[in-house]
Amino acid sequence: MSSIIFVTNADSEILAVRSFADSIVDPFPQVRCFSASLGQGAVPSGLLEDASVVLVRLLGGKDAWEAGFGSLASECESRSIPFLCFGGEIEPDPAMASLSSVGFEKWAEAFAYLSEGGPAN
């Protein structure tokens, strides 16, 4: 089964995702969360197992999790896993968008979903 990996340094986002992720029915992939505030850069082994896409949303941008961000980006690239990066603010972060491995159209679509929030998205 494929998984969407959601990485954030805002624990409230993890709680929000967990509040509805278990109720999502097939064929939607499993959603797994990782707190970038844990481990100070360490990306846990097995995080990318069965990953179909990785979404990273960081308050403060890449600098908020620089060591882990670089290793996760490299690992996604080596495994050909789409890597989408977002700032944690409501406004788009062009620097984070430029670090994504997908085209702008896909990035903008994902950003819209993250910005809207809620289980309906």
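**Salt bridges, cysteines and nonpolar cores**

Because Arg79 and Glu75 stand 4 residues apart in helix α2 (residues 66-79), about one helical turn separates them; helices here are DSSP runs of H or I with at least four residues, strands are runs of E with at least two, and both are numbered from the N terminus. The model is a predicted one, in which local features need pLDDT of at least 70 and side-chain atom pairs count only at pLDDT 80 or more, while totals for chains, interfaces and linings use all residues. Residues are numbered from 1 along each chain as its sequence is written, and side-chain values use heavy atoms, with hydrogens and water left out.

The side chains of Arg79 and Glu75 form a salt bridge, with 2.7 Å from N to O, where the term denotes a side-chain nitrogen of Lys or Arg within 4 Å of a carboxyl oxygen of Asp or Glu. Arg79 counts as partly exposed because its relative accessibility is 41%, and Glu75 is likewise partly exposed, at 32%; buried means under 20% relative accessible area, exposed over 50%, and partly exposed in between, with a 1.4 Å probe and protein chains only.

The structure holds 2 salt bridges, and another pairing is that of Arg57 with Glu13, whose side chains meet at 2.7 Å, N to O. This pair links distant parts of the chain, since Arg57 lies in strand β3 (residues 51-58) and Glu13 in helix α1 (residues 11-21), 44 residues apart. Both Arg57 and Glu13 are buried.

Turning to the cysteines, the model has 0 disulfides, a disulfide being a pair of cysteine sulfur atoms within 2.5 Å. Cys85 is in no disulfide, and the nearest cysteine sulfur, that of Cys76, is 8.5 Å away. Cys85 counts as buried because its relative accessibility is 0%, and Cys33, at 18%, also counts as buried.

The largest nonpolar core has 18 residues, of which Leu48, Val54 and Leu72 touch the most other members; such a core is a set of buried Ala, Val, Leu, Ile, Met, Phe, Trp, Tyr and Cys residues joined through side-chain atoms within 4.5 Å. Two or more residues of this core come from each of β1 (3-8), β3, α2 and β4 (83-87), and β3 gives the most, with 4 residues. Leaving aside residues up to four places away in sequence, Val54 touches Ile5, Leu48, Leu72, Cys76, Ile81, Pro82, Phe83 and Leu84, contact meaning heavy atoms within 4.5 Å.
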